[in-house]
Amino acid sequence: MAKITASVYTSHVPAIGAALDMGKTHEPYWQAVFQGYDYGKQWMKDNKPDVIFLVYNDHATAFSLDMIPTFAIGTAAEFKPADEGYGARPVPVVKGHPELASHIAQSVIQQDFDLTIVNKMDVDHGLTVPLSLMCGEQDPVKGAWPCPVIPFAVNVVQYPVPSGQRCFNLGQAIRKAIESYDEDINVHIWGTGGMSHQLQGPRAGLINKEFDNMFLDKLIEDPVAAAAIPHIDYVREAGSEGIELVMWLIARGAMSDINDGKATGPAPKLMKRFYHVPASNTAVGHVILENQ
Ligand code: DHB
Ligand code: FE
């Protein structure tokens, strides 16, 4: 049967993608960010997954105000890079895993979570920047990402957004879905976005190191408490875009210590924790957890 062996958490700052694509990674400003991912890049090579289930948010690239799915699973065979602002990144097409994605859709919907099934979708920096950070730079044409990716888009852009608790519960349903897939494959689940940032209004530029580090502590050691943080706390403390952090709780809820909403099994092993301010307008956070 399929199993989830690890979860990865990382910010998705679009300027990181631009720094990579424009050859700026050795500038001191960016060096301080990228060195936080040296471990993760090697870890990915040493612990190559068969599939990545990648929880991210779309930024009005694939979806617009015309249609706003709360949770959308990408079931296509491939997803083309596209983006607002900087334009589509020069990175390889993302290959999907239609069989596993369809199985997860079936199982999760039967566990009473309503997913939108998306058979055609472009993916923006929310998905491609985490891939670049963890997998390194790839030639857009001759290169390829190391494995298929199932994109799972969460609406954290247009209110109403899902609560952290619902995301955490959904992660548990996704774990059950993956563990009932009848093939011996190794799946990583990634939670992306965050950390604190606000891009508009009088509080634009807001960063809250205390909140971010409290969130990282709870995510790692007390995920049930992290799941209980109400959405208004993210907005007040971590800024309007800090709400992206609820996506990390989907990945954390899928780890094997979480059963029936409680942390009962052996805690996952912390392989990496990194926090850095600033990158563009955001605080960058990154964690790797391995199931024991
Ligand atoms: C920035 C951060 C984001 O998460 C995003 O989606 C867009 C912009 C920023 O730091 O500028
Ligand atoms: Fe974002």
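Helices, of at least four residues, and strands, of at least two, are taken as DSSP runs and numbered from the N terminus. In these terms, Met195 of the predicted model is placed in the loop between strand S9 (186–192) and H7. The peptide bond that leads from Gly194 into Met195 is cis, its omega being near -10°. A cis peptide bond also joins Val277 and Pro278, with omega about -5°. Pro278 belongs to strand S12, which comprises residues 269–279.

Ser280, a residue other than glycine, has phi near 55°. The loop that holds Ser280 runs between S12 and strand S13 (282–290). With a relative accessible area of 34%, Ser280 is partly exposed. Ala60, likewise not a glycine, adopts a positive phi of about 60°. This residue is located in the loop between S2 and S3, and Ala60 is exposed, its relative accessible area being 57%.

The loop between strand S2 (51–56) and strand S3 (71–74) also contains His59, a donor to the iron ion (ligand 2). The protein donors of this ion are the NE2 atoms of His12 and His59 together with OE of Glu244, at 2.1 to 2.2 Å from the iron. Along the sequence, the donor residues follow the spacing H-x46-H-x184-E. Glu244 is situated in the loop between helix H9 (231–238) and helix H10 (246–253), and the pair His59 and Glu244 therefore ties together parts that are 185 residues apart in sequence. His59 is buried, with a relative accessible area of 16%. Glu244 is also buried, at 4% relative accessibility; the cut-off for this class is under 20% relative accessible area.

Helix H10 takes part in a helix pair with helix H7 (residues 209–221), the two packing at an angle of about 15° with their axes 10 Å apart. This angle makes H7 roughly parallel to H10, since angles under 35 degrees are assigned to that class. The crossing of the two helices is right-handed. On the H7 side, Phe215, Leu216, Leu219 and Ile220 meet Trp248, Leu249 and Arg252 of H10. By class, six residues of this contact are nonpolar, none is polar and one is charged.

Helix H4 (residues 98–110) packs against helix H6 (residues 164–179) at an angle of about 125°, with the axes 9 Å apart. H4 is accordingly oblique to H6. The crossing in which H4 passes H6 is right-handed. H4 contributes His103, Ile104, Ser107 and Val108 to the contact, and H6 contributes Leu170, Ala173, Ile174, Ala177 and Ile178. The contact of H4 with H6 comprises seven nonpolar and two polar residues, with no charged residues.

For helix H3 (residues 38–46) and helix H5 (residues 125–135), the axes come within 7 Å and cross at roughly 80°. H3 is thus roughly perpendicular to H5, as angles of 65 to 115 degrees fall in that class. Gly40, Lys41, Trp43 and Met44 of H3 form the contact with Leu133, Met134 and Cys135 of H5. The residues of the contact of H3 with H5 comprise five nonpolar, one polar and one charged.

Key. Residues numbered from 1 in each chain as written. Chains lettered and ligands numbered in written order. Predicted model: local features only at pLDDT ≥ 70, side-chain atom pairs only at ≥ 80, totals over all residues. Heavy atoms only, no water. Axes fitted to C-alpha atoms, helices over the stretch in contact; angles between N-to-C directions. Parallel < 35°, antiparallel > 145°, perpendicular 65-115°, else oblique. Left-handed = near helix turned anticlockwise from the far one by under 90°. Contact = heavy atoms within 4.5 Å. Nonpolar A, V, L, I, M, F, W, Y, C, P; charged D, E, K, R; others polar. Donors = N, O, S within 2.8 Å, 3.2 Å for Na, K, Ca; no water. Buried < 20%, exposed > 50% of the residue type's maximum accessible area, 1.4 Å probe, protein only.
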